[in-house]
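Student: I would like to go through this structure term by term. Please set each value against its definition.

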Amino acid sequence: MVARKARIVIIGAGMAGLTAANKLYTAPGSRDMFELCVVEGGPRIGGRINTSEFGGDRIEMGATWIHGIGGSPIYKIAQENHSLESDQPWECMDGSSNDNPTTVAEGGFKVEPSVVDSITNLFNDLMDCAANNGKLPEASKLVPGSQSLGSFLRQGLETYWASMKERDEELKGYGSWSRKLLEEAIFARHENIQRTHTSASDLMTLDYKAESEYRMFPGEEITIAKGYLSVIESLASVLPPGCVQLGRKVSKIEWLPERQDTNNGYCCSMPVKLHFCDGSVMSADHVIVTVSLGVLKAAIRNEDSKSGMFYPPLPSFKTGAISRLGFGVVNKLFLQLSQKEDELSKGFPYLKMVFHPPDSELRHKKIPWWMRRTSSLCPIYNNSRVLLSWFVGEEALALESLKDEDIINGVSMTLQSFLSNHGLSNGKVNSEEISHDPSEVKINEVLRSKWGTDPLFLGSYSYVAVGSSGDDLDKMAEPLPKGSGSSFGSLPPLQILFAGEATHRTHYSTTHGAYFSGLREANRLLQHYHCVGIHNNY
């Protein structure tokens, strides 16, 4: 009698799912042991990686950066595939490393580097302190027992002000901006950058202690010239035709959390049953779930109803971790400028924007609220006609529902305030410094991501929220039934496994975290079936 191959179904054809599939399919001897299938609910592979084009340039609608090239598996794959160079212009963000970026305060006031640098250095020192769990010398002035990163940062700013004098003094050439108002606005700009990095809508919800557990790769941060999708396509290229099935959205996962009183110890030959939205059903021995934390959060909200994703519902240790961890929305807004040919050589600046608070009486009333917490507006490469800005939280969700016309009007009103050439001349932005009169800056097309309302994702990436911890990330990674991997008598082991960036304790929120998690679950199954796999540090 020929032994039946174990069927492994991977839900999701993003970084984690395709990494797991690649590893399982290429491991020695695995093809004789496994029947492998990847089901993807959407019409494309990549998940939260979505390379596209806009204005003739290659852009990323989702994951954008390789966060440190030293030791990054993503960098290694891109390098091996010759994906780091391209003849087509791409979102290389070379202007972000400009030694002379333009920081402008609302009203069109160019902020002197000496003012910007003092607050920037303070913020960076505080973040270094948080990353080292308060073990730096500067921490002696603070009490790093804060629950949230946001409260720790604000405490640091207050301590800085307490050590200074005359922070309410007026600054010549800055209109109604006092030194303290300007410093607080610059500090808030850095907080908004951190919101983008973490996806936390409010840094007051971001756990302080988790900052010291998060790990970064050394080296520069870069984008991929031929697109992030080239990495995904490389992983998928080894899989046989038909292995990846698109448009196969799973509606329910049935599994066996308890022993069954049947003749063979199983209720069926395979313990997991997948129900799809088209009414079809597929059975499996093992299922690797790689859907986003946002989808899992929605699933447990419906667990008491017949529409719940898991049946029986997930155990409390798993639902508790899903509930406590944070999952935010980050969206990108691309704008195409309409310019005369003789203006293209001047280039739009890498514009760092410093706003008055949304409730300030000093604010420009026509700047929409959703623009006030973005930190910059910049070309995706030097002299590109395509500009980019990032949005987080409520602003990101608002952006998804706005009409293109409203977005163009809102950004145009913002530029009128920041690039204005009239009024006070001392410290005021002028046309020679910026190369643009706001009346000449015309936006003719926009493109934005919509990760928050996309039912296949319901957000962008995870963070450790106040009340959660790294332990919850470990719980996210635990397979079901709990304790799987050993002999459970009549209970089939490793029925449901979990992968994705939200299941990695030290590299959550990143593509390489998703990659490592996919390797981890593939190796878990290979070890279970006594296959020999490559040892990886994850």
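Tutor: S280 touches R248, L274 and H275, leaving aside residues up to four places away in sequence. This is a predicted model, in which local features need pLDDT of at least 70, side-chain atom pairs count only at pLDDT 80 or more, and totals for chains, interfaces and linings use all residues. Residues are numbered from 1 along each chain as its sequence is written, and side-chain values use heavy atoms, with hydrogens and water left out.

Student: Why is the pair S280 and R248 called a polar contact?

Tutor: Their side chains are joined at 2.7 Å. The term requires a pair of N or O atoms within 3.5 Å; within protein, one must be able to donate a hydrogen and the other to accept it, and residues adjacent in sequence count only if both atoms are side-chain atoms.

Student: Why is S280 called partly exposed?

Tutor: Its relative accessibility is 23%. Buried means under 20% relative accessible area and exposed over 50%, with partly exposed in between (1.4 Å probe, protein chains only), so S280 at 23% is partly exposed.

Student: How do you know that strand 8 and strand 9 pair?

Tutor: Two strands pair if DSSP finds at least two bridges between them. Strands are DSSP E runs of at least two residues, numbered from the N terminus. Four bridges join strand 8 (residues 250-254) to strand 9, and the two run antiparallel. In one of these bridges, I253 has L274 as its partner.

Key: Contact = heavy atoms within 4.5 Å.
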